[in-house]
Amino acid sequence: MTTTDLSDTPGSTAASPGSTVASPGPTVASRGAAAPARTGSPGPALAAAMLGFALITLDTSVVNVALPAIGADLRAGMTGLQWVVDAYTLAFAALLLSSGALADRIGASRAYGAGVVVFALASAACGLAPGLPALLAARTVQGAAAAVMLPASLALVREAYGDPVRRARAVSLWAAGGTVAVALGPVAGGALTTAWSWRGIFFINLPLGLVALLLLARVAASARRHAPLDLPGQLTAMAALGALTFAAIEGGTAGWWALGVAVVSFAAFLLVEARRAHPMVPLGLFRDTTVAVAVAAGSANSVAFYGMIFVFSLFFQQVLGLSALGAGLMFLPMTGLLAGVNVLSAKVAARYGARLPIVVGQVVAVAGLLGLLTVDADTPRAAQALLLVPLALGAGFSLPPLIASMMEAVPAERAGTAAGLLNAIRQTAGALAVAVFGSLAAEGMATALRTSALISAALVTVTALASTRLPRHRQALRR
């Protein structure tokens with residue numbers, strides 16, 4: 001896990017495919033001032049931030065293996081299961097664009113505490129949901145709370161460590177918490193669902209959230225700072241993302257109407273952002289080739305990683321008849337390697353430059369996706385688990401230097417904005433992958449596996465070719 005040489009600003013960190021890229025948004029760096037260092041031990045702040053980040057990333061992966069059980073209990077079809085995943089992801093992605101500014105306005109510690117409380121209450125509501133509508137509403141609130149928690153958690157780390165070197169190490173530990181959660185998510189979700197109920201995957205958040213709050217109580221209150229909020233941009237972005245996902249999931253006449261709403265909302269979003277003095281998404285960032293390639297490649301990475309995990313979660317249980325725990329264990333070889341691949345990627349980028357691991361990682365991912373075309377119900381289970389590994393190796397190898405390249409391509413005062421933007425777009429791409437691939441699965445699992453792999457391979461191939469345009473120079477990465 002690596003950070004860029006912007007680590008002495010509240011920029012961002014490179015995270016694993018299943019985790020996120022976080023930033024406290026337009027905080028201290030936008031004013032060129034140093035954040036006040038915490039008094040006393042910074043340990044509680046780091047521990048609280050790590051636990052919160054782990055909770056957020058855990059919820060993006062723990063649900064997949066529980067989907068068949070949720071569908072059977074709540075009598076939800078494929079469309080309902082797609083929304084169980086995407087209600088959380090869309091709220092998270094859309095609100096992440098401006099939640100860093102919110103954390104600035106009320107203080108990172110207050111924002112984090114409020115986010116944890118709402119996240120825990122929403123988790124309890126998910127676990128107690130009597131039907132699908134209640135579950136989807138609670139999942140939406142969960143995603144909104146996660147969007148508040150994420151930048152605030154990284155801001156806590158930023159404020160706790162005044163020394164840039166110690167801060168870089170702390171951010172790496174913070175990101176590692178998300179990587180571990182991604183690896184354990186499918187197994188934990190499968191174990192809880194098999195031994196107890198799908199509701200257990202949500203109830204487990206309650207004691208973890210309580211521990212995070214107890215740690216936060218030992219952290220000094222964060223200062224409030226002025227940070228402009230872009231409410232028109234936020235509202236139009238939410239409308240565009242929600243309508244586009246609705247169109248992909250629901251289809252039919254309603255889907256076409258939703259697609260029209262998405263187009264109009266997106267046009268309004270671009271108009272708003274182009275005219276605001278302090279836009280949530282500075283459109284000028286996309287004029288830089290490195291930024292454009294990083295956003296495209298990061299999105300393709302998310303489509304392949306999140307989309308294929310969603311499809312294979314259903315395949316393992318609905319076609320092979322595995323339990324939720326068995327399905328979770330099938331993912332363990334691929335997710336368990338992510339942290340090590342991140343570290344190796346950083347070393348290669350530091351020695352040879354970022355372009356090499358970015359291109360090589362995507363090529364490996366494409367090879368893995370093409371290998372998944374051979375999987376069917378008769379493929380030995382060990383082979384199925386091993387065939388998922390190249391996808392994780394490639395994604396994990398390419399993503400950290402890709403994010404680091406983007407962070408170096410933008411001015412320091414834009415680092416937080418760029419990080420939040422990249423993460424929001426990656427999460428949106430993952431949500432759309434679930435929407436599209438889930439619709440394919442509703443038509444037939446065998447066709448869905450192959451078509452999803454082909455779509456993913458095509459997208460990653462295009463971005464691998466585009467990545468050859470990245471500069472050759474070495475990245476100044478620090479562990």
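S313 touches N64, V65 and F331, leaving aside residues up to four places away in sequence; a contact here means heavy atoms within 4.5 Å. S313 sits in helix 11 and is buried, with a relative accessible area of 0%. Buried means under 20% relative accessible area, exposed over 50%, and partly exposed in between, with a 1.4 Å probe and protein chains only. This is a predicted model, in which local features need pLDDT of at least 70 and side-chain atom pairs count only at pLDDT 80 or more, while totals for chains, interfaces and linings use all residues. Residues are numbered from 1 along each chain as its sequence is written, and side-chain values use heavy atoms, with hydrogens and water left out.

**The chain as a whole**

- The protein chain has 18 helices and zero strands. Helices (H or I, at least four residues) and strands (E, at least two) are DSSP runs, numbered from the N terminus.
- Of its 479 residues, 61% count as buried.
- Among contacts between residues at least 6 apart in sequence, 84% join residues at least 24 apart.
- The chain exposes about 17100 Å², and carbon and sulfur atoms supply 68% of that area. Accessible areas come from the Shrake-Rupley method with a 1.4 Å probe; for residues, only the protein chains shown count as cover.

**Confidence**

- The mean pLDDT of the protein chain is 81, and 88% of its residues reach 70 or more. pLDDT is the predictor's confidence in each residue, from 0 to 100.
- Over residues 1–39 the pLDDT is below 50; this stretch has 164 contacts in the model beyond near neighbours in sequence.
- Residues 474–479 also stay under 50 in pLDDT, and the model gives them 30 contacts beyond four places in sequence.

**The largest cavity**

- The whole structure holds six cavities of 30 Å³ or more. On a 1 Å grid over the protein atoms alone, a cavity is a set of points where a 1.4 Å probe fits but cannot get out.
- The largest cavity has about 120 Å³ of space. Grid points are joined across faces, edges and corners, and a volume is the space filled by probe spheres set on the points.
- Its lining has 13 residues, of which T60, V85, T89, Y306 and V434 lie nearest the centre. Lining residues have an atom within 4 Å of a point.
- Helix 1 (43–61), helix 3 (78–106), helix 11 (289–319) and helix 17 (415–443) are the elements that give two or more residues to this lining.
- Helix 17 supplies the largest share, four residues.
- By class, the lining of the largest cavity has six nonpolar, five polar and two charged residues. Ala, Val, Leu, Ile, Met, Phe, Trp, Tyr, Cys and Pro count as nonpolar, Asp, Glu, Lys and Arg as charged, and the others, Gly among them, as polar.

**The second largest pocket**

- The second largest pocket has a volume of about 470 Å³. A pocket is an open set with protein on both sides within 12 Å along at least five of seven lines.
- It is lined by 21 residues; L241, F266, F269, I425 and T428 lie nearest its centre.
- Helix 9 (231–250), helix 10 (252–275), helix 11 and helix 17 each supply at least two lining residues.
- Helix 17 gives the largest share of this lining, six residues.
- The lining of this pocket has 18 nonpolar, three polar and no charged residues.

**Buried residues in the helices**

- M334 lies in helix 12 (residues 324–335) and is buried, at a relative accessible area of 1%.
- M334 touches F305, I309, L388, V389 and A392, not counting residues up to four places away in sequence.
- M334 and A183 are 151 residues apart in sequence, yet 8.1 Å apart in space, C-alpha to C-alpha.
- Q427 is in helix 17 and counts as buried at 2% relative accessibility.
- Q142, in helix 5 (residues 132–160), is buried at 0% relative accessibility.
- Contacts of Q142, not counting residues up to four places away in sequence, are D59, Y88, F119, A122, S123, C126, F202 and N205.

**An exposed loop residue**

- R75 lies in the loop between helix 2 (67–74) and helix 3.
- R75 counts as exposed, at 80% relative accessibility.
- R75 has a positive phi of about 55 degrees although it is not a glycine.
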